[in-house]
Amino acid sequence: MDKYICIHGHFYQPPRENAWLEDVELQDTAYPYHDWNARITEECYRQNAASRILGPDRKIVDIVNNYERISFNFGPTLLSWLETHAPDVYAKVLEADKKSRERFSGHGCALAQVYNHMIMPLSSTRDKRTQVIWGIADFKQRFQRVPEGMWLPETAVDLASLEVLAENGIKFTILAPRQARRIRRFGGRKWRDVTEADLDTSIPYLCTLPSGKQIVLFFYSGPASQEIAYGGLLHSGEIFAGRLLDAFPKDGDGARLVHVATDGESFGHHHRHGDMALAYCLHHIESKNLAKITIYGEYLEKFPPDHDVEIWENSSWSCAHGVERWKSNCGCAADQANSGKQQWRAPLRQAMDWVREKVSTAYQDNMSKYYSDPWQLRNEYIGVINDRSPENVEDFITKSTGREIDRGDKVRFLKLLEMQRNAMLMYTSCGWFFDNISGIEAVQVMQYAARAMQLCQEVQDWDLVPEYKDMLGQAPTNVRLLANGAEVYRAYVEPTRIDLNRVGAHFALSSVFEETTEGPTEIYCYTATMDDCDRREAGMQVLTTGRATIRSTITFERHACDLVVFYLGDHNLFASVRARMADEEFAKVQADLVNAFRKGDSNEVMRLMNVEFGGTNYSLSHLFKDEQRQLLNELLETTWMEIESSFRHLYEHNYALMQMIRNMNMPLPKALSAPAEFILNEDLCAEIQADEINVQHLRNLADEAERLSLSLDKERLCFEGSHRINDLMDRLQEDPDDVDLLCSIEESLEILHTLTTGLDLQNAQNVFFNMAKRRYPDMKRRAASADEEAVKWVTHFGNLAHHLGLALP
């Protein structure tokens, strides 16, 4: 038997971008990272781009790019985020596909994916086509080749979806074994019913579709895949390899393929060091010639299918009830304690379907004025989504309409297409996957629906929100504070809804503490230009009046507005914004405001803001989340300093008492331990972040925390410590002969290991690994020639290797 092994990782995160800002805002649940994309990138995607292989002594002996040797797909929306926010990881993913073609007979290891993880059997025919076309176009732009295979979200499948894949040249997809209904050998007449227990997953199958088109289906090994995700198989790379080898049939001739498929996040995010288990598994199999590592495209070329298959339609890998998890209370839940409590799923699905039909009608009726086939135009819009440059957008509009159109029509044209984009994003599968309609995933898809409805109102004058909320009112929640989906919408979606006036308010509020700059200011996917500005100060109070122009880089919409900002100190910050007044009217309003401000009449300033600007007032709560947090911290800096001063006084004043209590082996009372923990945590982080680390001070602080048995914020210390060591190693790479820096890194790392476990030292290890290959041999030769500096360097470099867990060559 010729043994082949293929491991497939489905790397995916739902689109998390704010529907109006086109970027991911701060997510506190991802602390200490900015958001979940950032956290999972560090825990998984970056780890797999440079994964470690350990030797017998548990020291790192090699660093490899896992993506080069597995089959994988990345969600297009995730790749878009990586391209902007983690370009080095993004480049490694693309590079892996390029290198894999040399390894796997010209076949790349990357597969395409349906665009935004929509459950295909539940989608409309039009959406099926657009999702596949966008997914392929995105893949071709990024990987510079045509995809052979395509991942179906949740492996949810029906014949109509397979037809669309085949229509668009997709050769194969991957399904779960329970999705096969019956099989037969080519030329045979009799079908044999199969189950996931008796299906031979070691061969590919050919599925002939109603149209006569065909597509190859690979059914992954169910038990082994399950053990990767939930069975602890990633605790050991050698055990992982052994489990894959055990999955081969016990008899049979010819080639056999053992292949597994799982969420790529298993390799590092769900299971810490899962990437290393994957790396060692592949290394173990290849180095001992236990089987040949392959990918689906290569295996299919060498060993075409000789069996037909029919599938169970409307089935998936993550719902035992087919695709009910995304439309009903089927019992599937992330937490089985919540099984049977998802009555909200059906009303949410129905509400989204209703929005889709409404915005589809509006789109069809309005876009027909610009293009004869609106749905074909939507298919082509991916070229704009992936390149928002003004030149590309203008070119797309001109080619599509076949003529020059005025700015108003351009705005309308783009709004119609954005309405459709959001109407598809609102079907992202995660919105229904988890246990509560108030979860961040469900709120996210409702946000996309809100954006689609807003655009529909702007182009068609249909206000869909009231009826949509009525439908959500039928969706009960599982939390006490909010009764149903309508209340969730009001609490979490409506506050995020913005228009250009709100962008103007953000611009106004955030500009109070900044010097006015000429030219446009970028605010996410908007630009703001201050056309006129007058700033007055009186003590801590500030009054700013001005005129601004706000522009959307997505829809080209422009808004000329007048604004006033009034700051009274602390967190008392207010703004009013309205559409541009006549010049004479604005001059009078501005003069009245300045006059009232000069007199110190705050009440009159507030009254004028309310009356002259139409009663639309904004405050600190209307800033976008990241700037809101940043500005709040700046405004309350004095308050934080006062709190820290109070805690430091408690800590220092009661230090002798705390020592006495600990010397008697008694636990510190919370009233004493809480201030001490706060101060030591702050001091430790401050020292770690200092331009030059005082190693002795850092050591003293660590000893103090241990003596008093204080609880440290290990997650924050791990985050700050990891970043600092990685930064210092970057400095060492630039000046590798700096022995003092080498010593500082060594000593700092030694102390940090006593403070927290789980430091992410990937970048530091990468730098060290390269230096060990390039610099270490020369320094070792110099040390052998009695070069004192080289002797010192080699000694400390060896110590650093120990702290980094690396083996020296």
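**Entry 1: H30 against H31**

I looked up which residues join these two helices: Tyr776, Met779, Lys780, Arg782 and Ala783 in H30 meet Ala790, Val791, Trp793, Val794 and Phe797 in H31. Sorted by class, I find eight nonpolar and two charged residues in this contact, and no polar ones. I note that this is a predicted model.

Next I checked the geometry of the pair. H30 covers residues 776-784 and H31 covers residues 788-804; I read a packing angle of about 130° and an axis separation of 8 Å. Angles over 145 would count as roughly antiparallel and 65 to 115 as roughly perpendicular, so I log H30 and H31 as oblique to each other. For handedness, I recorded that H30 passes H31 in a left-handed crossing.

**Entry 2: H8**

I then turned to helix H8, residues 274-287, and tested its length. At 1.5 Å a residue its 14 residues should span 20 Å, and I find the end C-alpha atoms 20 Å apart, which agrees.

Is H8 mostly covered or mostly open? I find H8 mostly covered, with ten of its 14 residues buried. I listed the buried residues of H8 as Gly274, Asp275, Met276, Ala277, Leu278, Ala279, Cys281, Leu282, His284 and Ile285.

I also looked up what covers these buried residues. The cover includes helix H1 (36-49) and helix H7 (237-246). Strands also take part, among them E1 (2-11), E2 (51-54), E3 (60-64) and E13 (292-293).

Methods. Residues are numbered from 1 along each chain as its sequence is written. This is a predicted model: local features need pLDDT of at least 70, side-chain atom pairs count only at pLDDT 80 or more; totals for chains, interfaces and linings use all residues. Side-chain values use heavy atoms; hydrogens and water are left out. Axes are lines fitted to C-alpha atoms, for helices over the stretch in contact, and angles run from 0 to 180 degrees between N-to-C directions. Helices (H or I, at least four residues) and strands (E, at least two) are DSSP runs, numbered from the N terminus. Angles under 35 degrees count as roughly parallel, over 145 as roughly antiparallel, 65 to 115 as roughly perpendicular and the rest as oblique. A crossing is left-handed if the near helix is turned anticlockwise from the far one by less than a right angle, and right-handed if clockwise. Contact means heavy atoms within 4.5 Å. Ala, Val, Leu, Ile, Met, Phe, Trp, Tyr, Cys and Pro count as nonpolar, Asp, Glu, Lys and Arg as charged, and the others, Gly among them, as polar. The expected span of a helix is 1.5 Å times one less than its number of residues. Buried means under 20% relative accessible area, exposed over 50%, partly exposed in between (1.4 Å probe, protein chains only).
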